[in-house]
Amino acid sequence: MGHTCSFLVLLAILILQSLFGRSQGTNLQKPIEYSLKSDIFLFNGKAPFWITTNQYSTVPNAKNFAFSTRASLKADYQRDSSNKFRHFIGWGAHILPVLNIGDTTALLLPEGFLKLRMGSFEIWAGRRREVYGLLGDTLLSAGSFAWSGNAFPMPKIQLNTTGFVDVPGTRSLLAFNASFSHGLLGNMPVVYGGRGIKSIVGYLHQKTFYLKIGKPHWRLHFWGGFNHQAQWGGENQIWPHGLPPQEAWWAVVSGKPWEGSRVGNHIGTIDVGFQWKLNTGTLFFYRQNIYDDGSLYTFLNIKDGLNGISFQNQRPQNNLSTFHLNKVVLEYMNSYDQGGDVFDFVTGVFGRDNYINHYVYKQGWSYQGQGIGTPFIASQEAIKKVYPRSDKQFTNNNRVKALHVAAMGNYGDWNWLLKTSYSLNFGIYDVPFSDTPRQFSGLIQIQKPLSWLKGLSWTTTFSIDRGSLFDSATGLQVGLCKSGNF
């Protein structure tokens, strides 16, 4: 397995060097960026929540001891000193093989894609680590409601803008960010339907659109937009006289109803936020409103969503020997209400949204056993076995109230990061928990560059789980990382 990993890295280097060498004459690319990282993990029976969460399902599965090593190679678009593209056309690529040795040995490729850019638009294909939804900070956040960095990346082809693009004629008052993609979810078990189908090949449809209001020199900026995801596939296999794939795809994209319902499993958020630039830093307030069926349209589930505030400290650190706070994030996630306890076709009240789960696709809004959305709605496999389970659903706990606080900063050349979360858990409407399990999870990480070898840094992470939802866990992660370019 180790020889296979080394071969893949060597092959990637040769490919990127070949491409880089050909493009040097036109000066289209930066030097290739690389990083090599190795980690040792020590657990007392299982990995704690915050060591595994939002790591794109790349932390090794182990009860006591594990080892992981990864190599990243990336060629990106060339930019000038003001971060603008130097050329109208560009290309980029990234490959990230990961070798895990724990209770099992696995070679993973969470990121491997090729991208092409023309102006402010790009198209890419492959696997790519992504997060969707308005957040104050993707590193400190607990994760977006609909799409966090929790699950292993799925293969996609996507057309998108390269960040926010100014709307012509508005003199930088308006800018937009948009994407449209098609992905492959692979084999998906089916638990409902009229023809006894056990599984189908599943697909992903995704589109996003966000608008930013405010000129660069303004103190206030406003954001608004949405992300829309849908699982679909097998409509002509599951249902008698079902839709053929082309018609099913268009029904998913357009939201066109079929047989009194929508085609596929839809989930997303409608987001709003605003940024306030102070003399001492920047405040960002954001709200993600979840939709899983039509409850948000009638404001039935308006209580549910993700509320957050982040503060980025812009005061200079006058003394390197003092404690310095760089950024802090506070979030409150609520999925308890779900439109209420009534689902009635006669009255037209459609509560009991049953987030993440789906009545046709057993895996619900998940990929390879991990939830794609908020990590606070976990797989029932991760929850203590004393709570009731269902063999037809992904989770037995999607009614959650969670508070999350995270911060990062430095003390001299020592960098630190802290994450803490506390949740109340109520099960699901159909099978509520008899009690209300409480759960605390925390993580503290320190990182220090090692000056004796340029580009080398050392990281130590300590994490714990205490509560009645998950089994108690304690974990230690120690790693070394070397980065640079050639």
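This is a predicted model: local features need pLDDT of at least 70, side-chain atom pairs count only at pLDDT 80 or more; totals for chains, interfaces and linings use all residues.
**Entry 1, overall.** I looked up the secondary structure and found four helices and 23 strands in the protein chain. The C-alpha trace spans about 70 × 55 × 55 Å along its principal axes. I compared the radius of gyration with the globule rule: for 486 residues a compact globule would come near 23 Å, and the chain has 23 Å, so the two agree. Of the contacts with a separation of 6 or more, 63% join residues 24 or more positions apart.

I then took the 44 positive and 29 negative charges; their mean positions are 8 Å apart.

I counted 23 aromatic pairs. For Phe 41 and Phe 43 the ring centres are 5.8 Å apart and the planes stand at 40°, so I logged the pair as tilted. Phe 41 has a relative accessible area of 3% and is buried; Phe 43, at 6%, is buried as well.

Next I checked Trp 414 and Trp 458, whose pair is edge-to-face, with 5.7 Å between centres and 90° between planes. This pair links distant parts of the chain, 44 residues apart: Trp 414 belongs to strand E20 (residues 414–425) and Trp 458 to strand E22 (residues 456–467). Trp 414 is partly exposed at 35% relative accessible area, and Trp 458 is partly exposed at 24%.

Conventions:
Residues are numbered from 1 along each chain as its sequence is written. Side-chain values use heavy atoms; hydrogens and water are left out. Helices (H or I, at least four residues) and strands (E, at least two) are DSSP runs, numbered from the N terminus. The radius of gyration is taken over C-alpha atoms; the globule rule is 2.2 Å times the number of residues to the power 0.38. Contact means heavy atoms within 4.5 Å. Lys and Arg count as positive and Asp and Glu as negative; His and the chain ends are not counted. The place of a charge is taken as NZ of Lys, CZ of Arg, CG of Asp or CD of Glu. Rings of Phe, Tyr and Trp (its six-membered ring) pair if their centres lie within 6.5 Å; planes under 30 degrees apart count as stacked, over 60 as edge-to-face and the rest as tilted. Buried means under 20% relative accessible area, exposed over 50%, partly exposed in between (1.4 Å probe, protein chains only).
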